[in-house]
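Hello,

Here is the structure for you to look over. My notes follow below.

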Amino acid sequence: MSALQVSTDKDRLDIGLIHRFLATEAYWCRGIPRGTVERAIAGSLCFGGYVDGRQVAFARVVTDGATFAYLADVFVLPGHRGQGHSKALMAEVMAHPQLQGLRRFSLATGDAHGLYAGFGFTAPARPQNLMEKLDQDIYTRASGQP
């Protein structure tokens, strides 16, 4: 088992791989257009995870670098799961200098609560204060998929 190497160099990211995973395997954004993924990457602090020089993991953080951050699009490719890569990736995210001293660091997950709890994430202290505008079907509707 090779160790995961993490880089924030956007030039190393395999945009095709990231788009394919998000569009076809990620439950949170199936059908997402490649252009949307490219814009999201351009506006985020990105973390690529690499084994033997090949990308196998990804995470991005939307932040102002001072008061808040939102963690999104975290994944490890199926063939590389169970090797500690998600923990290694998250350790790098949480240690990044731009993400220190933030008042709020949030995320949404449907299945990885245990992973994120290990890094200090909890359910919102005051969920009644949080609001969202969510359009879960925006990508499938735009592409004409059912």
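Of the contacts in the protein chain with a separation of 6 or more, what share joins residues 24 or more positions apart? The share is 60%, where contact means heavy atoms within 4.5 Å.

First, the ground rules. This is a predicted model, where local features need pLDDT of at least 70, side-chain atom pairs count only at pLDDT 80 or more, and totals for chains, interfaces and linings use all residues. Residues are numbered from 1 along each chain as its sequence is written, and side-chain values use heavy atoms, without hydrogens or water.

Overall fold. The protein chain has five helices and five strands (DSSP runs numbered from the N terminus: H or I of at least four residues, E of at least two). Their order from the N terminus is β-α-α-β-β-β-α-β-α-α. The C-alpha trace spans about 45 × 40 × 25 Å along its principal axes. Of the 146 residues, 37% are buried (under 20% relative accessible area, 1.4 Å probe, protein chains only).

Annotation. UniProt, in an unreviewed entry, lists residues 2-136 as "domain: N-acetyltransferase"; such annotations may be inferred rather than shown by experiment. That span is 26% helix and 24% strand. Its end C-alpha atoms lie 36 Å apart.

Surface. Tyr 70 sits in strand β4, residues 68-76. Its relative accessible area is 33%, so Tyr 70 counts as partly exposed (between 20% and 50%).

Best regards
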